[in-house]
Amino acid sequence: MTSNFNHRQSAHCESGVTANLLSHHGLTMSEAMAFGLGAGLLFGYFPFIRINKLPLATFRTAPGNIFKKVTGRLGIQVTRHAFSDQKRAMDELDRCLAEGVPVGLQTGVYWLPYFPPALRFHFNAHNLVVYGKEGETYHISDPVFGETVTCAAADLVRARFAQGALAPKGKMYRISHIPSSIDHAPAIIKSIREVCRVMVKVPFPLLGTRGIRYMAGQMEKWPARLGERMAILYLGHIIRMQEEIGTGGGGFRFIYAAFLQEAAEVLGDRRYLDISARLTSIGDRWRDFAVAGAQHCKGRAAEGESFADLSRILRDCADKETLLFHDLYALTKN
Amino acid sequence: MLKDEVPQDKELFGDQREVCYAVDEDGRYVLAESSGWDPANIANNQAWEAISREIADILAQIRAGEMSPLAYHMAANQMDEKLLAEYAGLFRWQVRRHLRPGPFSKINRKTRERYGSLFSLTAEELGEIPDEPGPAMLKAMKR
């Protein structure tokens with residue numbers, strides 16, 4: 001059986017799933033608002049955590065956080081399950097669908113047959129909504145796709161029980177109750193302050209703008225330390241984390257700037273619009289980094305263009321973001 | 001990024017499009033469709049080339065009798081020993097053993113089927129390697 005589900009394509013999977021699920025239950029929300037309320041923006045560089053033997057750089061918070069924070073801060077009740085048994089995981093999913101309740105799932109993308117082959121890596125923090133089942137076929141609203149898709153039960157089981165880093169362990173979640181009156185403003189303020197804290201206030205060298213500077217410093221040394229071939233692989237990996245599907249462009253800076261515009265409206269404070277515009281130009285700067293970096297990857301870096309030049313762009317981003325998040329934090333205080 | 005500047009460099013998604021955030025003439029954010037962006041495409045291709053290179057190395061080692069065909073299926077599915085062991089429900093040392101030609105030829109039927117069902121291969125196909133190297137996924141794309 002299938003329930004009606006209003007599928008809206010989004011840039012990022014988890015904020016898209018969160019916004020679509022809430023909208024389905026009557027609380028209309030944009031993806032950008034879900035991303036902002038979920039305090040999804042981050043920078044972290046963790047060279048000791050390896051993804052396919054490459055250092056982890058992340059522009060967003062850990063999977064599951066956006067949904068958890070949005071629902072928590074708005075006082076929305078959710079039901080969550082994780083499973084060790086595959087059959088029970090699928091039975092519970094079927095039970096919810098039989099009641100007509102759409103369900104959010106964490107899955108790996110490697111086993112999802114509808115994903116473009118070129119994007120099928122072992123990445124386990126993907127989120128999607130299952131909203132119906134016919135025979136052994138599930139109807140899925142995968143927010144990064146333009147249309148709804150279908151997936152055979154056998155493939156979905158594999159995706160739900162993908163192994164490796166961030167293994168989803170059959171995690172599923174759904175909305176169980178939305179309070180009748182919701183006040184967005186305090187939740188927005190709280191979420192903005194959280195992002196500012198992580199970006200500029202936490203005195204941990206691998207996080208926020210400190211993390212950007214740390215990565216910039218490391219990057220300068222990559223060619224000498226790792227050799228040209230590995231240095232380029234490292235660089236390509238950073239560009240993928242920043243720009244590949246799911247980020248909305250500019251390492252999530254644009255989607256967060258879109259959220260700040262909505263926040264300005266909700267809070268009735270035009271000053272947030274200025275911050276948003278500044279963040280847009282910082283996002284463009286990150287895009288400059290990706291363009292210059294990709295030239296290196298192709299071996300087409302212009303004469304005199306070195307990893308040090310790339311680091312300079314990153315430091316520029318870090319400097320501008322440091323100022324921006326201090327200013328943004330100050331705004332939330334009055 | 002302005003809405004008019006949203007890149008349309010088709011490569012990774014086939015006919016699919018992703019959405020990204022861009023500002024319109026009035027400075028308002030809108031969702032804009034994109035068929036891809038070259039820097040991201042270049043970085044993605046680079047990742048696949050690295051995988052292809054690893055597979056080619058492994059195929060050469062298999063032909064030289066240094067590794068078993070399982071090593072090919074592992075690499076073609078972007079796995080390492082640890083991940084393969086988790087998927088197959090075996091210990092890492094078992095997988096490591098099976099990557100050697102000798103022990104591989106003595107794997108019992110049940111374990112062979114276990115590997116086979118993981119890679120959607122019959123027990124016989126598990127012992128075969130292709131002439132042309134390439135990640136399993138990208139071959140599917142060319143089909």
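# A guided tour of chains A and B

Helix 8 of chain A crosses helix 10 of chain A in a left-handed manner. This pair is the opening stop of a tour through a predicted model. Select residues 228–243 for helix 8 of chain A and residues 271–297 for helix 10 of chain A. The axes of these two helices are 9 Å apart, and the angle between them is about 145 degrees.

To see where the helices meet, display the side chains on each partner. Helix 8 of chain A contributes I232(A), L235(A), G236(A), I239(A), Q242(A) and E243(A). Helix 10 of chain A contributes W286(A), A290(A), G293(A), A294(A), H296(A) and C297(A). Coloured by class, the contact between helix 8 and helix 10 of chain A shows seven nonpolar, four polar and one charged residues.

**The whole of chain A**

Chain A holds 11 helices and eight strands. Its radius of gyration is 20 Å, close to the 20 Å that the globule rule gives for 334 residues, so chain A is as compact as a globular protein of that length. Along the principal axes, the C-alpha atoms of chain A fill a box of roughly 60 × 50 × 30 Å. Of the 334 residues in chain A, 50% are buried. Among the contacts in chain A with a separation of 6 or more, 69% join residues 24 or more positions apart.

**The two domains of chain A**

Now colour chain A by domain. Domain 1 of chain A covers 13–37 + 77–177, and domain 2 of chain A covers 184–331. The C-alpha centres of these two domains lie 29 Å apart. Where they touch, domain 1 of chain A supplies nine residues and domain 2 of chain A supplies 11 residues. Which helix gives the most to the side of domain 1 that touches domain 2 of chain A? Select residues 31–37: this is helix 2 of chain A, which gives five residues. The touching side of domain 1 of chain A comprises seven nonpolar, two polar and no charged residues.

**C13(A)**

Move to C13(A), which is found in helix 1 of chain A, residues 13–24. Is C13(A) buried or exposed? C13(A) has 25 other C-beta atoms within 10 Å, and a residue counts as buried when 20 or more lie within that distance, so C13(A) is buried. Leaving aside residues up to four places away in sequence, C13(A) touches H126(A), N127(A), L128(A), P143(A), V144(A) and G246(A). Then select H326(A) together with C13(A): the two are 313 residues apart along the chain, and their C-alpha atoms are separated by 29 Å.

**K169(A)**

The next selection is K169(A), in the loop between helix 5 (153–160) and strand 8 (172–177) of chain A. K169(A) is partly exposed, with 16 other C-beta atoms within 10 Å. Inspect its backbone as well. Most residues other than glycine have a negative phi. K169(A), although not a glycine, has a positive phi of about 50 degrees.

**Chain B and its contact with chain A**

Bring chain B into view beside chain A. The contact between the chains takes 32 residues from chain B and 41 residues from chain A. On the side of chain B that touches chain A, the elements that give two or more residues are strand 1, helix 1 (38–63), helix 3 (81–88) and helix 7 (136–142) of chain B. Helix 1 of chain B provides the largest share of this side, with nine residues. By class, the side of chain B that touches chain A has 21 nonpolar, six polar and five charged residues.

Colour chain B by domain to separate domain 1 (3–36) from domain 2 (40–142). The centres of the two domains of chain B, taken over C-alpha atoms, are 37 Å apart.

**Two loop residues of chain B**

Select E25(B), in the loop between strand 1 (18–23) and strand 2 (29–34) of chain B. E25(B) is exposed, having 8 other C-beta atoms within 10 Å.

With 21 C-beta neighbours inside 10 Å, Q78(B) counts as buried. Phi of Q78(B) is near 55 degrees, which is a positive value in a residue other than glycine.

Methods: Residues are numbered from 1 along each chain as its sequence is written. Chains are lettered from A and ligands numbered from 1 in the order in which they are written. This is a predicted model: local features need pLDDT of at least 70, side-chain atom pairs count only at pLDDT 80 or more; totals for chains, interfaces and linings use all residues. Helices (H or I, at least four residues) and strands (E, at least two) are DSSP runs, numbered from the N terminus. The radius of gyration is taken over C-alpha atoms; the globule rule is 2.2 Å times the number of residues to the power 0.38. A residue is buried if 20 or more other C-beta atoms lie within 10 Å of its own, exposed if 12 or fewer, and partly exposed in between; C-beta atoms are placed from the backbone. Two residues are in contact if their C-beta atoms, placed from the backbone, lie within 7 Å. Axes are lines fitted to C-alpha atoms, for helices over the stretch in contact, and angles run from 0 to 180 degrees between N-to-C directions. A crossing is left-handed if the near helix is turned anticlockwise from the far one by less than a right angle, and right-handed if clockwise. Ala, Val, Leu, Ile, Met, Phe, Trp, Tyr, Cys and Pro count as nonpolar, Asp, Glu, Lys and Arg as charged, and the others, Gly among them, as polar. Domain bounds come from an automatic or database domain assignment.
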